[in-house]
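The sequence and structure are shown first.

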Amino acid sequence: MIRNLIKKISDFFYSIPRILFINFYKIFSRARIVNPKMLPSDRSVILAINHTADADPIILLAAIKKKIFFIAESENFGNWLTNFFMRKFANCVPVFKARFSKNIKSFKELLNISKNKNVFFGIFPEGMLNKKGGFKKFQKGAAYFSYKAKL
């Protein structure tokens, strides 16, 4: 019970910068969902997004107004500070492109999160930022996660 209370308090404090940053971004952006009824409210979803701007995760969070767990490249978790930021503030789980055996832990974490009935996951299937337009080759991780999580 005490552990649960401590987790709720820490989650609240970790969410403050995230909420402030997203709301600050909303003031300067007109991000919106064209057909919000297409987003289910009673089940989990994988959002496969083209990564065309550095601020895509922020834009998505501002538009959807729901907690989204992002799957991010492990290079973004390089040291303890960025690892802490990516996990606690950005709700990211690392995916390893070169060392696939390390992905077992990440996919177990994602599958554990997906047991909740109303969780959104953000995946950039091209695996990198693409500012040139069009599509790059899609990586297999989004399809694999979709199959394993039955989403």
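## Surface and burial

Accessible areas are computed here by the Shrake-Rupley method with a 1.4 Å probe. The model is a predicted one. On this basis the protein chain has an accessible surface of about 10,900 Å², and carbon and sulfur atoms account for 62% of that area. The chain comprises 151 residues, of which 33% are buried.

## Fold and contacts

The protein chain contains 5 helices and 4 strands. Along the sequence these elements are arranged in the pattern α-β-α-β-α-β-α-β-α. Of the contacts between residues at least 6 apart in sequence, 61% link residues at least 24 apart.

In soluble globular proteins, nonpolar side chains tend to be buried together. The largest nonpolar core in this model consists of 15 residues, and L47, L60, I64, I68, F70, C92 and F120 have the most contacts inside it. Two or more residues of this core come from each of β1 (45–48), α2 and β2 (68–73).

Beyond its neighbours within four places in sequence, F70 contacts P57, L60, L61, A90, N91, C92, V93, G122 and F124.

## Residue A63

Helix α2 spans residues 56–64 and includes A63. A63 counts as buried because its relative accessible area is 16%, and the cut-off for burial is under 20%. The C-alpha atom of A63 lies 9.6 Å from that of P36, a residue 27 positions away along the chain.

Technical notes. Residues are numbered from 1 along each chain as its sequence is written. This is a predicted model: local features need pLDDT of at least 70, side-chain atom pairs count only at pLDDT 80 or more; totals for chains, interfaces and linings use all residues. Side-chain values use heavy atoms; hydrogens and water are left out. Buried means under 20% relative accessible area, exposed over 50%, partly exposed in between (1.4 Å probe, protein chains only). Contact means heavy atoms within 4.5 Å. A nonpolar core is a set of buried Ala, Val, Leu, Ile, Met, Phe, Trp, Tyr and Cys residues joined through side-chain atoms within 4.5 Å.
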